[in-house]
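Please look over the sequence and the model shown below. The report that follows goes through the chain part by part.

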Amino acid sequence: MKKKSCAPLRHCVKMFSLSGGYSSLLFFLVLLLVSVPFSQSRADELLSSNDSAVKLLQQGEYEKALEQLQKTFSLFPYNEAVRKNLAAAYAAVGNRQMERKQFDEAADNFDHALKLFPDNREFGTLKGIALYSGKRFDEAAIVLDQTRQSGGETAAILYFLGRVYYDTGNLAGALEAWNSALNLEPGNKAIRELAEKARREYVVESPMEKGYRSMFVISYDEGTKSDLANSVLESLETAYNRVGSDFFYYPTVRVPVILYTRKDYRSLTASPEWSGGLYDGKVRLPIGGAHDITPMLRGVLFHEYTHVVVGELTRKNCPTWLNEGLAEFEGRKEYDSPLAALEAAAKTGSFLSFAGMEKSLLALNSKDAALAYQQSYAMVRFMISSYGWHKVREILVNLGEGMTIETAIARVFADYGLDYPGIVREWQAATLKEYGK
């Protein structure tokens, strides 16, 4: 039997960065057929089936290739080339699922590839990344640490291991992992910035007291009374149930909550003066020195917790105006302040562009920020009152599947003949009628 080889398939696996974008990491999975003593008919069957699957892989038909290679592997389980190609197909499908934010499914496919090649460091790393991205932190830590010990350290493994530690409140572990990563890649700017951020937070947060509830862990400055910390936890538990009821969603991973003095909050988060709280994977609040839970503080707690729910439902694929509008909608049930900025804008027709509010609002001055939050709230309130909570939730689910806001809204409101600009026009007309001259 003649030896026959296939062109190498270069499968590009993308790693998540802090900003939510991607940095390239190429894993080269070489597909090479190996000569084995089959009869000519059996050999021809193997070559034909394998070559057909490789062609599908090269054409980006990963799911079809995987299905075919699974059948081929069941017939030729000891052929090394088929095994390699099957692992490559699992990894390719897993990578596509990562792009679609289907993290649990991706983890399963990377696991299948890893079982075919248990010593393959790349497959172990990919499985760990998928588990981390799906907030399966304990499993991610185990897989990444096992990969680190069996295959040797890489900056990628250490980066994500540090992310697991950081997101679960283990700042010392995160610093150790990221410092080790910098020893391997001293010029890695993203990891260096993360390590510096964690180091600043560690100085402030390591002396803090801690408290726990079923879904929250709170850290607070020694100047904050434990009674206040307990009241914050009680309010957040109430938010967990009430907001969860609205969204039909209840997160299963414990949420870190940190209470700072206002000075520490500003220095660690670099937030503008008008910021009264922040959610970046952890709920951060500048309430050091407060003595009691006020309606305003409860509103802030409900607001920030809503970001937790929206972030998980949309897998962090949510325009800021919708995210903030939903958070305001929930927070204002506890403390509803006047919509003075919105009313003034309606009288002059000087609304902010929703497209311009899809990114961060942190660069806005206090006047524009007030309008941005009130306008976002008013839009969410309009969609809920006009079309129902279920329609808004459908938008979030669509965003979680990777759709753009334009596509998500158009699909939800297709029966009404509305798209993104159409909803904005309807909202503007209703707002001008309510507040305008």
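Which residues does Trp-321 touch, not counting residues up to four places away in sequence? Contact here means heavy atoms within 4.5 Å. By that rule Trp-321 touches Phe-354, Met-357, Glu-358, Ser-376, Met-379, Met-383, Ile-405, Ile-409 and Tyr-420.

## Basis of the model

This is a predicted model, in which local features need pLDDT of at least 70 and side-chain atom pairs count only at pLDDT 80 or more, while totals for chains, interfaces and linings use all residues. Residues are numbered from 1 along each chain as its sequence is written, and side-chain values use heavy atoms, with hydrogens and water left out.

## The chain as a whole

The protein chain has 18 helices and seven strands. Helices (H or I, at least four residues) and strands (E, at least two) are DSSP runs, numbered from the N terminus.

Of the 437 residues of the protein chain, 53% count as buried. Buried means under 20% relative accessible area, exposed means over 50%, and partly exposed is in between (1.4 Å probe, protein chains only). The chain exposes about 20,700 Å², and carbon and sulfur atoms supply 50% of that area. Accessible areas come from the Shrake-Rupley method with a 1.4 Å probe; for residues, only the protein chains shown count as cover. Among contacts between residues at least 6 apart in sequence, 63% join residues at least 24 apart.

## Nonpolar cores

A nonpolar core is a set of buried Ala, Val, Leu, Ile, Met, Phe, Trp, Tyr and Cys residues joined through side-chain atoms within 4.5 Å. The largest one has 69 residues, and Trp-321, Leu-322, Met-383 and Ile-395 have the most contacts inside it. Helix α15 gives the most to this core, with 11 residues. Another core lies apart from it and has 54 residues, among them Ala-65, Val-82, Leu-131 and Leu-158.

## Helices α13 and α15

Two packed helices are described by the angle between their axes and the distance between the axes. For helix α13 (residues 320-331) and helix α15 (residues 366-387), the axes come within 7 Å and cross at roughly 75 degrees. Axes are lines fitted to C-alpha atoms, for helices over the stretch in contact, and angles run from 0 to 180 degrees between N-to-C directions. Helices α13 and α15 are therefore roughly perpendicular to each other. On this scale, angles under 35 degrees count as roughly parallel, over 145 as roughly antiparallel, 65 to 115 as roughly perpendicular and the rest as oblique.

On the α13 side, Trp-321, Leu-322, Glu-324, Gly-325, Leu-326, Glu-328 and Phe-329 take part in the contact. They meet Tyr-373, Ser-376, Tyr-377, Met-379, Val-380, Arg-381, Met-383 and Ile-384 in α15. By class, this contact has 10 nonpolar, two polar and three charged residues. Ala, Val, Leu, Ile, Met, Phe, Trp, Tyr, Cys and Pro count as nonpolar, Asp, Glu, Lys and Arg as charged, and the others, Gly among them, as polar.

Is Phe-247 buried or exposed? Phe-247 is in helix α10, and it counts as buried because its relative accessibility is 0%. Leaving aside neighbours within four places in sequence, Phe-247 is in contact with Thr-306, Val-309, Val-310, Leu-313, Leu-326, Glu-330, Trp-389, Arg-393 and Leu-396. The C-alpha atoms of Phe-247 and Trp-389 are separated by 8.0 Å, although the two are 142 residues apart along the chain.

Phe-248 is found in the loop between α10 (226-247) and β5 (255-260). At 62% relative accessibility, Phe-248 counts as exposed.

## Positive phi values

Most residues other than glycine have a negative phi. Phe-248 has a positive phi of about 55 degrees although it is not a glycine. Arg-315 also has a positive phi, near 55 degrees. Arg-315 is found in the loop between α12 (295-314) and α13 and is partly exposed, with a relative accessible area of 33%.

Lys-127 lies in helix α5 (residues 121-133) and counts as buried at 16% relative accessibility. Not counting residues up to four places away in sequence, Lys-127 touches Ala-107, Phe-110, Asp-111, Leu-114 and Val-143.

Arg-163 is in helix α7 (residues 155-167). Arg-163 counts as buried at 9% relative accessibility.
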